[in-house]
Amino acid sequence: MASETRVAIASVEDVVTARQKGRSLAQELGFEGADVTLITAAISEVSRNIAEHAKRGEIILRPENHGARRGLCVVARDDGPGIANLPQAMQYGYSSGSGLGVGLPGAKWLMDEFDIESKLGAGTTVTMKKWLD
Amino acid sequence: MRVPILKQRDYVIASVQSVLSDPDLLQLRDDLTERIGRYRSRGVIIDVTVLDVIDSFATRTLRTIAHMLRLRGAETVIVGIQPEVAFTMVQLSLTLEGIGTALDLEEGLAYLDERTKRNLRRGK
């Protein structure tokens with residue numbers, strides 16, 4: 001039975017680890033083909049977001065069940081500076097750093113469910129889910 | 001892991017062997033920029049067949065590499081983007097505008113021959 005996995009993010013190198021663990025769990029849960037890549041890419045974006053903006057945080061990967069539905073849940077959590085303007089951060093192409101401004105809105109597109117909570121000075125938590133069917 | 005770069009005719013081929021971290025991608029950029037100067041290469045092939053994901057950072061870095069190399073007088077072609085990887089890039093609206101892409105190494109070489117018009121001189 002697949003279980004919860006946690007990956008500490010302390011540098012951009014850890015993005016690769018988070019991606020690989022996410023890929024493994026997705027395959028273990030029965031995701032196939034493009035879905036595995038979509039999940040992997042979404043994890044890549046949110047974990048890089050932590051490494052770049054918050055410096056430290058963690059990615060939690062776990063199986064998700066809701067009634068008969070099965071899927072995968074990714075939580076990206078940090079205690080970083082938080083996001084001042086959330087609607088702006090969720091705008092495609094808007095970047096506060098040197099990136100393409102694809103990260104958060106991109107991850108939202110790739111997953112079935114996406115939720116973000118952020119508090120200035122207290123950090124950001126992204127919770128996103130992909131369902132098997 | 002550092003990407004090995006081989007010289008082949010007037011071209012250099014960077015053959016990605018494993019997943020790449022962000023620093024690996026930046027290293028590839030620096031290595032290629034230096035190498036095309038040393039070899040006086042007119043074309044560069046970056047083979048990404050083994051990459052299981054090309055996210056926003058990888059896309060941005062590949063674009064930067066191609067534009068830098070063009071400023072140094074070389075054409076770049078990215079080869080081997082897998083179907084699922086392409087699908088994900090489209091979902092993310094990530095594009096490699098202005099950069100050559102080809103199915104595989106063979107097509108990549110043909111692309112560069114066409115772009116650099118060296119096939120004529122070689123008598124092929």
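Me: What is the order of elements in chain B from the N terminus on?
Reply: In this predicted model, the elements of chain B run β-β-α-β-α-β-α-β-α-α from the N terminus on.

Me: What makes chain B agree with a compact globule?
Reply: The comparison is with the radius of gyration that a compact globule of 124 residues would have, near 14 Å. Chain B has 14 Å, so the value agrees with that expectation. Along the principal axes, its C-alpha atoms fill a box of roughly 40 × 25 × 25 Å. Of the 124 residues of chain B, 35% count as buried. Among contacts between residues at least 6 apart in sequence, 74% join residues at least 24 apart.

Me: Why are β1 and β2 of chain B called a pair, and in which sense do they run?
Reply: Two strands pair if at least two bridges are found between them. Strand β1 (residues 5-8) and strand β2 (residues 11-15) of chain B have four bridges, in the antiparallel sense, and therefore meet that condition. In this arrangement B:Ile5 stands opposite B:Ala14 in β2(B).

Me: Why is B:Arg9 called partly exposed?
Reply: A residue is buried with 20 or more other C-beta atoms within 10 Å and exposed with 12 or fewer. B:Arg9 has 14 such neighbours inside 10 Å, so it counts as partly exposed. B:Arg9 lies in the loop between β1 and β2 of chain B, and the hairpin of these strands has two residues between them. Although B:Arg9 is not a glycine, its phi is positive, about 50°.

Me: Why does A:Lys55 count as partly exposed?
Reply: A:Lys55 has 14 C-beta neighbours inside 10 Å, and therefore counts as partly exposed. A:Lys55 is found in the loop between α2 and β2 (57-66) of chain A. A:Lys55 is not a glycine, yet has a positive phi of about 75°.

Me: How do you know that the buried residues of α3(B) line one face of the helix?
Reply: The buried residues of α3(B) include B:Val85, B:Thr88 and B:Met89. Seen down the helix axis, the buried residues of α3(B) fall within an arc of 100°, so they line one face. On the other side of α3(B), B:Pro83 and B:Val90 are exposed. What covers the buried residues includes α2 of chain A together with α2 of chain B. After α3(B) comes B:Ser93, with a positive phi near 55°.

Me: How many residues of chain B are in contact with chain A, and which element supplies the largest share?
Reply: 18 residues of chain B are in contact with 23 residues of chain A. On the side of chain B that touches chain A, α1 (22-39), α2 (56-71) and α3 (83-91) each supply at least two residues. The largest share, five residues, comes from α3(B). The residues of that side divide into eight nonpolar, five polar and five charged.

Me: What makes a set of residues a nonpolar core, and which residues have the most contacts inside the largest one?
Reply: Such a core joins buried residues of nonpolar kinds, among them Ala and Val, through C-beta atoms within 7 Å. The largest has 59 residues, and those with the most contacts inside it are A:Ala42, A:Val74 and B:Val44. Helix α2 (residues 33-54) of chain A gives the largest share of this core, nine residues. Not counting residues up to four places away in sequence, B:Val44 touches several residues of chain B, including B:Tyr11, B:Val12, B:Leu32, B:Ile36 and B:Leu69.

Methods
Residues are numbered from 1 along each chain as its sequence is written. Chains are lettered from A and ligands numbered from 1 in the order in which they are written. This is a predicted model: local features need pLDDT of at least 70, side-chain atom pairs count only at pLDDT 80 or more; totals for chains, interfaces and linings use all residues. Two residues are in contact if their C-beta atoms, placed from the backbone, lie within 7 Å. Ala, Val, Leu, Ile, Met, Phe, Trp, Tyr, Cys and Pro count as nonpolar, Asp, Glu, Lys and Arg as charged, and the others, Gly among them, as polar. The arc is that of the directions from the helix axis to the C-beta atoms. The radius of gyration is taken over C-alpha atoms; the globule rule is 2.2 Å times the number of residues to the power 0.38.
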